[in-house]
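Colleague: Before I use this model, I'd like to know what stands behind the labels you put on it. Can you take me through them?

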Amino acid sequence: MTISTSSLAATGAATFTYSTAGAAAGNNTTLSDLDLTVATDRELAIAVVDNFKNNVNATLSTFGSTSRQIDIQQQFATKLTDSINSGIGNLVDADLAKESARLQALQVKQQLGLQALSIANQAPQSVISLFQ
């Protein structure tokens with residue numbers, strides 16, 4: 001006995017085509033049409049249920065594989081986003097450190113300029129006091 005095709009109809013009844021050795025091929029029937037008191041019908045019903053089980057297992061395997069691929073892509077996207085955010089943060093920190101150093105240098109230059117002006121203002125006073 002060989003099951004060549006099987007499908008699940010909208011009514012929930014399984015329709016399948018099967019052939020047996022020495023008999024006409026292409027018999028269409030549903031599970032509800034089978035008489036489970038007959039050994040060949042029982043074997044056929046078991047074969048159909050096994051076929052459905054294998055189809056469900058294959059479909060679940062495909063879903064599991066696809067789900068895993070989606071999880072991997074999501075993890076990659078999350079890590080990429082974190083890396084980009086970290087890189088931007090480092091650039092901002094580097095710019096802030098550079099500007100902070102530049103500000104300190106300008107402040108030192110300003111203080112030196114003020115001291116130089118103070119010294120320059122005191123020099124004429126010293127020269128005038130020599131003439132007195």
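Predicted model: local features only at pLDDT ≥ 70, side-chain atom pairs only at ≥ 80, totals over all residues.

Modeller: Residues are numbered from 1 along each chain as its sequence is written, and side-chain values use heavy atoms, leaving out hydrogens and water.

Colleague: How do you know what secondary structure the chain has?

Modeller: Helices (H or I, at least four residues) and strands (E, at least two) are DSSP runs, numbered from the N terminus. The chain comes to one helix and three strands, in the order β-β-β-α from the N terminus.

Colleague: And how do you know where confidence is lowest and where it is highest?

Modeller: From pLDDT, the predictor's confidence in each residue, from 0 to 100. The chain has a mean of 77, with 75% of its residues at 70 or more. Strand E1 (residues 2-8) is lowest at a mean of 46, and H1 is highest at 86. Over residues 1-12 the pLDDT is below 50, though the model gives this stretch 30 contacts beyond near neighbours in sequence; contact means heavy atoms within 4.5 Å. Residues 19-26 also stay under 50, with eight contacts beyond four places in sequence.

Colleague: What makes Arg 102 and Glu 99 a salt bridge?

Modeller: The rule asks for a side-chain nitrogen of Lys or Arg within 4 Å of a carboxyl oxygen of Asp or Glu. Here the N to O distance is 3.4 Å, so the pair passes the 4 Å limit. By this rule the count comes to one salt bridge. The two are three residues apart in helix H1 (residues 39-131), which means about one helical turn separates them.

Colleague: Why is Arg 102 called exposed, but Glu 99 partly exposed?

Modeller: Buried means under 20% relative accessible area, exposed over 50%, and partly exposed in between (1.4 Å probe, protein chains only). Arg 102 has 52%, so it is exposed; Glu 99 has 41%, so it is partly exposed. Phe 76, in helix H1, is exposed too, at 52%. Of the 132 residues of the chain, 8% count as buried.

Colleague: What makes Phe 76, Leu 80, Ile 84, Ile 88, Val 92 and Leu 96 a patch?

Modeller: Patches take residues with over 30% relative accessible area and no salt bridge; like charges are joined within 9 Å, nonpolar side chains (Val, Leu, Ile, Met, Phe, Trp, Tyr) within 5 Å. Phe 76, at 52%, is over the 30% cut-off. Together the six give about 570 Å² of accessible area, by the Shrake-Rupley method with a 1.4 Å probe, where for residues only the protein chains shown count as cover.

Colleague: How far is Asp 41 from the nearest side chain of opposite charge?

Modeller: Asp 41, in helix H1, is buried without a salt bridge, and Arg 42 is 8.7 Å away.

Conventions:
Lys, Arg positive; Asp, Glu negative; His and termini not counted.
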